[in-house]
Amino acid sequence: MPHTSLTLDEYTPYRLAVASSAVSTLISTAYDSLYGLKIPEWRLIMILREDGPSTQQALVKRGGMDKVTISRAAQALAKRRLITRAPHEHDGRSHHLILTAEGERLFADVAPAAAEYEKVMLADFTPDEVATFKKLLRRVEEAALKAQNNR
């Protein structure tokens, strides 16, 4: 076996996965117990709130989740009447998902808690560090997507 200086604790994909898992566990526990929401459901609500009516295909691209995850989240939210489906004007096989008034109310309830979780997670960072951190995360994401598209 060739010698390598690669170690798990210093391996960036590992660090990102562990950090993501820790953040998701913290947030999902609170969202699920307080609001009955799973992370993909909350992400879907946030996207629909920001982007307006969207197809599931658009949500896959925007949300960084696969089709099955989006579909399950949409079904759960529709069952709770937090989103509704409307026919797609140009594609009979597709439809738009739309945040309902009840979904808007839930967003208004959850958003302050979400912002507070982010504030707590970033409390030891200066404002400049937070801005740099977010910028670097976007660059890592873009680089990974570019590498994926070049395969």
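Modeller: Asp32 and Lys38 form a salt bridge, with their closest N and O atoms 3.8 Å apart. A salt bridge here is a side-chain nitrogen of Lys or Arg within 4 Å of a carboxyl oxygen of Asp or Glu. This is a predicted model, in which local features need pLDDT of at least 70 and side-chain atom pairs count only at pLDDT 80 or more, while totals for chains, interfaces and linings use all residues. Residues are numbered from 1 along each chain as its sequence is written, and side-chain values use heavy atoms, with hydrogens and water left out.

Both partners of this pair are partly exposed: the relative accessible area of Asp32 is 37%, and that of Lys38 is 47%. The classes are buried for under 20% relative accessible area, exposed for over 50%, and partly exposed in between, with a 1.4 Å probe and protein chains only.

In total, the structure holds 7 salt bridges. In another of them, Glu50 meets Arg62 with closest N and O atoms 2.7 Å apart. Glu50 is in helix H2 and Arg62 is in helix H3 (residues 56-63), so this pair ties together parts that are 12 residues apart in sequence. Helices (H or I, at least four residues) and strands (E, at least two) are DSSP runs, numbered from the N terminus. Glu50 counts as exposed, at 55% relative accessibility, whereas Arg62 is partly exposed at 43%.

Glu102 and Arg105 are a further pair, with a distance of 2.8 Å from N to O. Both belong to helix H5 and stand 3 residues apart, about one turn of the helix. Glu102 is partly exposed at 38% relative accessibility, and Arg105 is partly exposed at 48%. Elsewhere, shared partners join Glu50, Asp51 and Arg62 into one network of salt bridges.

Glu41 sits in helix H2. Not counting residues up to four places away in sequence, Glu41 touches Gly36, Ala73, Ala76 and Leu77; contact means heavy atoms within 4.5 Å.

Leaving aside neighbours within four places in sequence, the contacts of Leu37 include Asp32 and Arg80, along with Tyr31, Trp42, Ile45 and Leu77. Leu37 is, with Tyr31, Trp42 and Ile45, among the residues that touch the most other members of the largest nonpolar core, which has 25 residues. Such a core is a set of buried Ala, Val, Leu, Ile, Met, Phe, Trp, Tyr and Cys residues joined through side-chain atoms within 4.5 Å. Helix H1 (12-35), helix H2 (39-51), helix H4 (67-79), strand S3 (95-99) and helix H5 (101-121) each supply at least two residues of this core. H2 gives the largest share, 6 residues.

Arg81 is in the loop between H4 and strand S2 (83-87). Its phi is near 60°, a positive value in a residue other than glycine. Arg81 is exposed, with a relative accessible area of 66%.

His96, in strand S3, counts as buried at 15% relative accessibility. Beyond its neighbours within four places in sequence, His96 is in contact with residues including Pro53, Thr55, Arg85, His88 and Glu89. Ala114 is 18 residues from His96 in sequence, and the two C-alpha atoms are 26 Å apart.

For the chain as a whole, there are 21 positive and 19 negative side chains, and the centres of the two sets lie 6 Å apart. In that count Lys and Arg are positive and Asp and Glu negative, with His and the chain ends not counted; each charge is placed at NZ of Lys, CZ of Arg, CG of Asp or CD of Glu. The chain has 6 helices and 3 strands, in the order α-α-β-α-α-β-β-α-α from the N terminus. Of its 151 residues, 25% are buried.
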